[in-house]
Amino acid sequence: MTENSTRRTAARLAAAGALTAALAGVAPLAHAAQAPAVPAPPAAAEVAAAHDAATSAKTLDTLSRFFARDDAAGGAAAKTGGKPRIEGATVPVYELSPEFVAGKKDAPVAASDYLASKAVSADGRKASVWTAATGGSWKVVNIASGDDETRYAAEGAKKLAGGTVFREPQINAWYVQRGDRVLPLNSDAERAVGKQGTTLDAYRERVHKAYGDKLPGSAYAKKGAAGGYDEGAKAADGTLAAEPAASSSTGPSTTTVAASAGAAAALGLGLTTVAVRRLRRR
């Protein structure tokens, strides 16, 4: 190799090394994704007040009637003096945020909707007691069969510690999200994002495509679906139509609940249904 060739080779290597060093220095800044916003958790005093409302004598009496009406077995348990109880902690329930669906910068994936406590009947059946701040105090606004809210909160903490457990109500899918990962917690979520989950950006793209034109204030919402949400809507082929994102309010909605068997049951039990947002599908 001639002296000139040696010098040219050394120069190329030096230039390549400088470029590599430069790229190493700027790449993290150019590609580093900003950490997604995290929904603010409720204050400890709010959780305590919600728990007090769920465990009050009035609520336990309502639960007795709820389980008694659920089926004949519940009625037998109530007649023999079996009393329902509240088990475990009261947890915040987060639902898919319309700001996130719309693609708003720095919007968290979900927003707080209500607080939930697990109720257990004398014969072991479970229900979820929903509480919300209304009229200056925390009140029970709905009781739903099953313990989805508290159960998925616990499962999400195990699967992705420190993550936000939230529900996509349009398809009743439950997820846990932390950083750039969105992992499924039930079969509905697995069908939506796969068993291994997806990235936050990919999830945003999916929900924007599905619900971006059905947000509150959209033409879809103005057709008559309260808040742009119509769980009973049917597509032309008879299947359940894609439903829009949650109301833009970060708290429970104060709009009238669409008539349903669940809402009728809540009213029949004397609940404070003014703050019910959406009844869980049964």
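Me: In which sense do S5 and S6 pair, and over how many bridges?

Reply: The model is a predicted one, in which local features need pLDDT of at least 70 and side-chain atom pairs count only at pLDDT 80 or more, while totals for chains, interfaces and linings use all residues. Residues are numbered from 1 along each chain as its sequence is written, and side-chain values use heavy atoms, with hydrogens and water left out. Strands (E, at least two residues) and helices (H or I, at least four) are DSSP runs numbered from the N terminus, and two strands pair if DSSP finds at least two bridges between them. S5 and S6 pair in the antiparallel sense, and the number of bridges is 5.

Me: Which residue of S6 is the bridge partner of Phe 166?

Reply: Phe 166 belongs to S5, where Tyr 94 stands opposite it. S1 and S5 pair in the parallel sense over 2 bridges. In S6, the bridge partner of Phe 166 is Tyr 175.

Me: How many of the residues of S5 are buried?

Reply: Buried means under 20% relative accessible area, exposed over 50% and partly exposed in between, with a 1.4 Å probe and protein chains only. Both faces of S5 are covered, with Thr 164, Phe 166 and Glu 168 buried on one side and Val 165 and Arg 167 buried on the other. S5 is therefore largely enclosed by the rest of the structure, the number of its buried residues being 5 of the 5.

Me: Which residue takes a positive phi in the hairpin of S5 and S6?

Reply: Most residues other than glycine have a negative phi. The hairpin has 4 residues between its strands, and the loop concerned runs between S5 (164–168) and S6 (173–178). The residue with a positive phi, near 55°, is Asn 172.

Me: Is Asn 172 buried or exposed?

Reply: Asn 172 lies in a loop, and Asn 186 touches it, a contact being heavy atoms within 4.5 Å. Because its relative accessibility is 14%, Asn 172 counts as buried.

Me: Which backbone nitrogen does the side chain of Asn 186 reach?

Reply: Asn 186 is placed in the loop between S7 (181–184) and H7 (187–193), and it counts as buried at 9% relative accessibility. Not counting residues up to four places away in sequence, it touches Tyr 152, Asn 172, Ala 173 and Trp 174. A polar contact is a pair of N or O atoms within 3.5 Å; within protein, one must be able to donate a hydrogen and the other to accept it, and residues adjacent in sequence count only if both atoms are side-chain atoms. At 3.2 Å, the backbone nitrogen reached by the side chain of Asn 186 is that of Trp 174.

Me: What arc around the axis do the buried residues Ala 50, Ala 53 and Ala 54 of H2 cover?

Reply: In H2 (residues 44–54), Ala 50, Ala 53 and Ala 54 are buried. They lie on the same side of H2 because the arc, taken from the directions from the helix axis to the C-beta atoms, is only 100°.

Me: Which exposed residues does the opposite face of H2 carry?

Reply: What covers the buried residues of H2 includes H3, S1, S2, S3 (126–134) and S4 (137–145). The face turned away from that buried side carries the exposed residues Ala 44, Ala 45 and Asp 52.

Me: How far apart are the closest N and O atoms of Lys 118 and Glu 87?

Reply: A salt bridge is a side-chain nitrogen of Lys or Arg within 4 Å of a carboxyl oxygen of Asp or Glu. Lys 118 and Glu 87 form such a pair, their closest N and O atoms being separated by 3.6 Å. This pair links distant parts of the chain, with Lys 118 in S2 (residues 110–120) and Glu 87 in S1 (residues 85–96), 31 residues apart. Lys 118 is buried at 19% and Glu 87 is partly exposed at 28%; the distance asked for is 3.6 Å.

Me: Which residue meets Asp 201 in a salt bridge?

Reply: The two partners lie 3 residues apart in H8 (residues 200–211), about one turn of the helix. Asp 201 counts as partly exposed at 45% relative accessibility. At 2.7 Å, N to O, its partner is Arg 204.
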